[in-house]
Amino acid sequence: MARVMVVDDEPIVGSRLRPILERAGLEVEVFLDAVAAHARLGECRFDVLVTDLRMPGVDGLQLLERALEHNARVRVLLITAFATPELKRGVLARGAFECIAKPFRIGDLRDAVLRAAEASAAGEE
Amino acid sequence: MTGILGWLGGRERSGPPVVALRVTRFRQLLTGYARLLDLARDAAVKQGGEYVFDRQFVRTLVEAAIDIAESAVFDLNVITREASLSYYEACEKLAAEARLALRAGLESLDAEDAAIPPSPQGGTDLAQAIAAAPLLYRQAGQVASRGIASAPVVNLEDAGGPVGDPRGAVLVAAGLDLDSPALALLDGAAALLLDGNSPADGVASLARQRRIPCIVRLRDASRRIRSGTVVTVDAEDSAVYAGRVEELLALGGGEEEAEYRLLRAVRRGLFELTPGSNRTAPVPSACRTLRDLVHLAHLVAGDALFGLVRAEAAKERRARAGADVVVFAADSGAGTDEGPLASVFVGMRAGGVSGAGGVTRYAAVDRDRCILLAAAHGGIDVVAAATTDLPSANFLYCRLVPSFGATDVDGWRGRIGAEVLRRIGLEVAATPREVSAWGRGMDAEELGPRLEVVGRLVAWRGGDTKGDPVGAARDLLRESGWSRR
Amino acid sequence: MWNAGRGADVADEDLRHRYRVLRRVLAANSELLERMADLEADLALFDLDEPSLRVCVRDLLDGSLLLAENLNLLTGGDHQQLYRVHAEIARELDTSLEKARRAAVHPLVTPLREVRGGTAREAGGKAANLGELRAARPDLVPEGLVVTTSAFRHFLDANGLRQPIRSLSRDLDLLAGQPLFRERTGAIRALVTASPMPPQLAGALENAVSEFSGVRRWAVRSSAVGEDGKLSFAGQFESVLDVEPRGLGAAYARVLASRWNDRAVLYRLYAGIAEVETPMAVLLLPMVDAAIAGVLYTRDPAAPHADRMVADHVAGLADAMVRGDAQATTTVLRRGGTGGTDVGAEGLPERLGAALLDAGTAAEELFGGPQDLEWVWSPEGRLWVVQSRPLRIGEVAQRTPEEPGEPLLAGGMAIFPGRASGPVHLGTGAAAIDATPEGAVLVVAQATPELSAALPRLAALIAEQGNPAGHAAALAREFAVPTLFGVPGALERLEQGAAVSIDAGQRRVWAGSLWPEVRERVRSRIRHSARARRGHPVHDRILALNLSDPLARTFRASACRSVHDIVRFCHEIAVAAMFRLGDTVSRGGRRVWRLESPVPLNLWLLDLGGAVPQDLRAKKRLKAEQVESAPFQALWRGMGRQGVTWAGRSQVSLKAFASVLTASIHDARAPVRELGGANYLLVAPDYVSLNARLAYHFTMVDAHVGEAAENNFVNFRFRGGAAGVERRDLRARFLAEVLLRSGFGVDRRGDLVTAWLRRFPAAPSLVALELLGALTGCARQLDMLMTGEAAMRDYVDRFLAGDYAAFS
C-alpha cells in the first residue's frame, strides 16, 4: 500500500483529501504544519507527497527537496493557487511530478496521486 | 433600411474618435458584466462540492468581483463624462462590506478547531469493499450536493408515472427546473441523480439547501437506472454503485466544511441580483450587492451611449432621414449584410420595422460584432453580440424595455420577452425596469437564429396576448421560425 | 441620467479620480502584457487564420485603445496622437488578417504533377522537390498524390486535436530526457493515430486515388514543410510501405503522428523551429517493384571535390538499408565515364549505372547543388527516383557534450531556453550595461526593458530579478537570447570576465566554455528567425517593442509602432503624471484624517479608497497601524526605525545653522515651510504617496506595490533645501550614492535627485520603501552635516550600516 503525505496549511485540503485517498486504498498522513511535515519526512519513507506551495515556515519546494533527499523515488505533486505557466515550469524543472492548480476537482487529484504512486513503484530514480 | 456612417463619425474632424472610444468602452463594460456572471457560475459549481477550494479562493473571488465592479463604475463614468460619481461611493461601500463579511467569515473559521478529523476506520477494508462494489458511474457527472446515501430508485421518467414511493428514494430524472411539478418530491428524497442540469442552477442549489446528495450531468442515468434498483450514491466522490455499500454508508456525510458556508455567504453578497433594490429609484446607493451595482451601471451606460451616438449621428448630414437604423461601421469593411447585425435585421424586418417617423435606432458594427441601440416605448433597447469562429469569445446580450408604454401597465412586453428569451436558451434577469438576457459560449450558427428572434422582439409591437405570456411567447417564436428548428 | 453632484472638494475629487485612472492603467497594463505573452506563444503554434489568434489580436487592439484613452483622461488629453497611431496599427492588422483568411483555402489533396518548388508551403519539402523534378523529367518520377498541409490542419481541427496537443506540448523543452517527455509525445501520437479521417478529407482522398485504378499498393511518406529543404529532419518521420487503398487513412494518420516522434520534437525544440512553421503534408506514391534500390550521392561525401557519384544499394527495397538494418553495397560512378568501378560481385547492371548518372546530373542541375537521391530499379529495368534532397557535405553529427561537472549556479526561471558560452559581464548600472561586449553572458540585478540595446549582442542573459511576463522577458524571447530570471546571488557568484556556460532550459550555469560552437549556431538561427518574423504583421504591429528607453527623445506617442509600444508608453507616462500630481494636493474634502504619531510632522492622510476601514471613517484622527496599506506601513516602519529622529536638531553647530538661515533667505527656489505645516499622504491599499516639505526640503515618495510585480513601482524625489550650493550638491550626491547602492535607478540634476525602482516583486519593493522612510528622516539634517566630501562618504556608510542616530 502506497504511503501518501498531504501537507497544506488550509485544513480543508487535508480533510477532504484524506477520505477520498483512503477510499482508493492509500495510506494517508495529513499535516497542517509544514515544519512538522518536514521533520516527519526524515522519519518515514513516503511514496507520494502532495503539498501546497506557499506555506508559513517551510514552503512546498523545501519539502520537495527534503522528500527527494530521503527517497529518490518519491513523486511530488505541488498544489497552488498561483499556477502561472512560469511557476509550473519552475516547479517541474525542480523535479516535481505534477503541478496542480487550486481549486482542483477532487477526483482529478486522486487520479494524479494514483498515477504518482504507480510511477514511484515503477520507479526510475 | 440603413444609413451607414464611418466608424469615427467623420474622420476629417480632429480630436478623439468618440464613437469608437465609447462603443469599445461600453463593450468592455459588458464584457466585465459577463465575467462577473462567469465568476458567479464558477463559484456556484465550486459550491456543489466536487472541487476542493480554500480560503484563498474565496478571497480571490471577492477581490475579482470588486475589481470588475470598480472597472464597470469607471467605464460608466467615462461614458457619462463623470456624471455618475456617486457610483464610486456605492462601489466602495459595497466593496468594504464584502471585505468585512469575508473577514468576519475568515475569523470565525480561524476560531474553529482546525484539526483534521482522524481516519474513521482502517483504509484497507474500506478500499477493498469499494473496489468490490459493482460500479455504475465514476467521475461521470458533476457533484451538485455532497453526501452519501443508499435507497431504491424511483425513476421519474418511467412511462405511466413513477413506480414506487418517492419518499426516502433515490430520485432519477432526465432534468428538472424550478417549475417542474416533480420538484415537490424532492422533500424527503434520499438522493437525486439527473441526466442534465448544472451544479450552478436553481435545482442544485435547492438540493444543497435540503442536504440531499445530488449528482448532475450523469449521462443516461434516467435510461440506465430502473425504478426499484437499489443504489448507493457517493456524492463525495462522484460515484454511483449498485446495491448497498455498507462500508461507504458507515462513513456518512459529515458536516460540510466551514469554507463552504463562507463561500455561500460571500456569493450572496456578490452575485445576487436583488430584484427590489431599484424598484422606486434607480440609484446606486440602493444597490445591495456588487451585481446590483454592475447591473445598474450597465443600464445607465447603455442609456448614455444612446444619447452620445444620437448626437454624433445628428452631426452627420449623410445620416439620411429615411433610414431606419443609422449604422456606424468600422473602417475594416464591416457592413450589415453579414455578421450578427445582419441576423438582427432579418428579425427586425420580419417584425415590421418601417422607416416612418425619424431615426431612433443606431448601431455600431465591425467585422463580427455589433451593438444596436433603439429607442422603445420610453426607454432604450440594447442588443450586443459577437459571432466569431471562436465560441468562447462569442456572446449575445440584450435588454428590453419591459412595457409597451402607458397602455401596457401590466408589462406584457417584459413578461413575454422574458419568456421568449428563456425559451431560446438565454440566461434571463427581469427587473421592473428592464428584461435583460445573456447567452455565452455559443458558435456563430447557434447565435444566428437567436439574434433573429431578438431582432423580432425589438421590432415587435405586441398583439393579442390573451393574458397568456407563455402562449404569446410560443406564437412569437413560431412566427420567427424558431420552433421549426 | 441620475447624476450625483460633484464632490465637496473639487481638488480632492480630482485627485481621487486620477488615482482611479491610474489604477485602471495599471490593471490594463498587466492584463495586456499577459495576453501578449500568450499571443507570442500561440504565434509559434498557429497560422494567422486561427480564430483564437484573431480574437486575441482584436482584444489587444480594444484594450490598448482604451488604455490610450485612460492616459488622456489622466493627462487632460496630452496624448491624442495615440489615437491616430492606434488607428493605423488597427488598419494594418485588419488588412493582413483578412488577406490571411482569404489565402488559407487550398485543396486537401493535389496530384504530384501540379506540385512545384513554389508550393512547398502546401505540399511540404519532399513532395515539392519531387514535383519539381517530375516537371523537368517526367520519365524519372512516378505520378503520385500529395495530401496537403491544409489537410493536416483540417485533420487536426476536425478531430479537435489542437488544444490537447497544445497542452501536451507545454514545457516539453524542460522535460527532455525525463520519462514524462516520452509519455507526452506518446500521448500526442496516440491521439493522432486514434483519430478518424474527417469525411471531407476521406472523400477527397478516395476521389484522387480512384484515378490510379491500376495501383494496388501505395508508399505513404512524410513531406513536412522544411523537410528536405533548409532543415533536414533526416530520418525523423515514418514512412509506411505496401499500403492497400483502404488502409490509406490509417497510414496517413501514422505518418502524421510521426511528426511527434521524440527525435523530431527534440530537433524542433533545439533548433528553435516554431510548430507552425512545419506542418506536415504526406506524399503518396504507387509502390514500384524493386529489383535493386538505394540512394545516390551526386558527390562523394568522403571526397567532395572528386568528380564522381556514389551509390549505396541493396537488392529489393531500400527501406531497411536507409534505416541501417541492411548492409549496403557501395558503387562509385565516374562522372562523364561510362559506368561503375569498384563494382562488387553482384554489382550494378551497366544500364542502371548510366541511368543513375543521368538522373543525378539532372537533379543537380535542377536544384543547383549536390543531391541525395533515393531510387528504385524495377525488374523491367526502369529507374524511378522517389526522393531528392540537398546533400549536406561536411554535415557533422551533433556532438553531445560530455557531462559537465558541478554547476556554479542552478535554479531560476528559463525565459528563453538554449545553451551558450561566453565571458561574464556584470551589468551593475546603466553605463556598465551599455558597455557589454559582443558575445558576453550579461548578469544584472533586475531585468528591465532598457536592456534591449544590449540584448542583440548577448550570448546569454542572467537576471537576479525579473518578471517572466514583463517587457524584458518579451525582448529576450524576441532576440532568442538564452535567458534565466530569478537567480539570486548571480552578481556575487559570477566573476567579471570569467568564461561560463549556461543551459537556460536546464537552469544551470557551469564554469568554462563547454559548448563554444553553440553560439554560432544560435546566432545564425537568430538571424534566420528574426528575418522570418520581421514582416509578420502580428509580430510587427503587436508584439515588437520599439520604445524601450523612457529617457530617449524618441519616447513619444507618435513613435509608437505596435500595441506593445502603446502599452509601454501609456504605463510609463501615467506613472510619471501621477508622481507630478502629488504636489498639487490641497487640504480639504471629506476623506482626510490627521495621523496621530510620535513623528512631529503635521501629517494628513487622504484615502484614495479602501485604506481606512469603514468603522473608522467617522473619526478625525487615525493611528498609523489602523491604515490598511502595505506600502504605507513599509514607509512608516522606515520613518520610525530605531535612531531616526524627527525632533529638533542637536548636533548642529551654530555656525552651520546660521549659514543655512542666510542661504534660505536668498534662495527663492526653496519653498519654505515651517516644521509643523501640513504634509500629505495619499493612501490606498496598494499605494502610498508622501509629499513632505520638511523645513527647506521637498520630498516625494510614491509607490504602488501589489501582487503583480510588473505594475510595481517605488519613486523618490528630493529637492530644494537651504544652505549653499556646495552643501546642496554634497547632499544630492549623498542621496544618489545611498540610493544607487540600495538598488535604485538614480538621476541627479543639480539638487534634484530622482530615484526609481520598477517592476520588483512586492517584498523587495516594500524593503525599498522602508529604506526611503528612514532616508527621508535622516535627510532632513543633511544640510547641517555635509561639511565636506569625506563627511559625505562617511555618512553614506553610516546610513547603509543602519546608524541613523548619527544623523540626529
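Reader: What do the buried residues of helix 11 of chain B pack against?

Author: This is a predicted model, in which local features need pLDDT of at least 70, side-chain atom pairs count only at pLDDT 80 or more, and totals for chains, interfaces and linings use all residues. Residues are numbered from 1 along each chain as its sequence is written, while chains are lettered from A and ligands numbered from 1 in the order in which they are written. The buried residues of helix 11 pack against strand 15 (395-400), strand 16 (427-431), strand 17 (434-440), helix 12 (444-459) and helix 13 (469-479) of chain B. Helices (H or I, at least four residues) and strands (E, at least two) are DSSP runs, numbered from the N terminus.

Reader: And how many residues of that helix are buried?

Author: In helix 11 of chain B, 9 of the 12 residues are buried, so the helix is largely enclosed by the rest of the structure; buried means that 20 or more other C-beta atoms, placed from the backbone, lie within 10 Å of the residue's own. Among them are B:R413, B:I416 and B:L421.

Reader: What comes just after helix 11 of chain B?

Author: There B:G425 takes a positive phi of about 85°.

Reader: New topic: how many residues of chain B are in contact with chain A?

Author: In chain B, 25 residues are in contact with 25 residues of chain A, contact meaning that the C-beta atoms, placed from the backbone, lie within 7 Å. The largest share of chain B's side, 5 residues, comes from helix 4 of chain B.

Conventions: Contact = placed C-beta atoms within 7 Å.
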